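Dear colleague,

Please find the structure below. My notes on one strand and a pair of helices follow.

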Amino acid sequence: MPNPTPPNNGRRPVAYLNEDFLNSPDARAIRILSEFLEPLAHFRRQKIRDTVVFFGSARLKDEGPLHEYYDDARTLARMLTEWAMQFTNNNYRFVVCSGGGPGIMEAANRGARDANGKTVGLNIGLPFEQLPNPYITPELSFEFHYFFMRKFWFAYLSKALVVFPGGFGTMDEMMELLTLTQTQKLAKQVTIVLYGSKYWKEIINFEALVKYGMISPEDLNRFQYADDPVTAFELLQAGLLAHALQPESPEMPAIAKSRNPQKPGGTA
């Protein structure tokens, strides 16, 4: 029996259509770059200039233990989205962004949807918990493989951050943003609100970090606490009006420049 004719008349596929190559270790850089370029294209088409990021546990629901945090995240996201609509012109400002999954992430996207606003979900594939929630704007629902590319989009589009109670993932993401602001790696000022002072003061003893010289006393000024949606909204509103209202450049989305330590005062 004659051998069947190889596909494409025996010719190798072009590299960008070669799935074996694209899934190989040699193409890892291409896959990483794709997780930058594909979201960038969507943000440009949807005219998203910047975001307000909501972090928090995937395990908190709208009923059950600590459900009040779900309710408050939903309320705060709605209030913020309604307020931000006044700045919509040729682009969308201060768009609510979450990690795209359930729990507090769902509450944030749901609140923005309640206000008929666009809302971003930066989901990541995990063995459990993490499926995109149904409240994300479909054109702004992203799926990531690489944690660090997901974190890039959290950090470099955000003008403010509100952190609800959460576990390892929430603390990882929060500390990443606090570190970027502490080291002045971002050439912008990010307003950071920790929601639920009782929870956060029990979970993390920031004052002890000062006591033992691990952080400076001034580092405690890098965030504020809030215990209700109105207070959190007022803190976010004040920070955004003071530090983020004027666009830094005509670029859209407004990806924050990184400070170059070899050029004092300069960015790269």
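How many bridges join strand S2 to S3? There are 3 bridges between S2 (residues 95-98) and S3, and the two strands run parallel; pairing requires at least two DSSP bridges between strands. This is a predicted model, in which local features need pLDDT of at least 70 and side-chain atom pairs pLDDT 80 or more, while totals for chains, interfaces and linings use all residues. Residues are numbered from 1 along each chain as its sequence is written, and side-chain values use heavy atoms, without hydrogens and water. Helices (H or I, at least four residues) and strands (E, at least two) are DSSP runs, numbered from the N terminus.

The chain passes from S2 through helix H4 (residues 104-114) to S3 in a right-handed β-α-β crossover (clockwise from the first strand over the helix to the second, with the strands pointing away from the viewer).

S3 also pairs with S4 (residues 141-144), in the parallel sense, over 4 bridges. Here leucine 122 stands opposite phenylalanine 142 of S4.

S3 (residues 119-124) is largely enclosed by the rest of the structure, because 6 of its 6 residues are buried (under 20% relative accessible area, 1.4 Å probe, protein chains only). Thr119, Gly121 and Asn123 cover one side, and Val120, Leu122 and Ile124 the other.

As for the helices, the axes of H3 (residues 67-84) and H4 come within 7 Å and cross at roughly 35° (lines fitted to C-alpha atoms over the stretch in contact, with angles from 0 to 180 degrees between N-to-C directions).

Regards

Notes. Buried means under 20% relative accessible area, exposed over 50%, partly exposed in between (1.4 Å probe, protein chains only).
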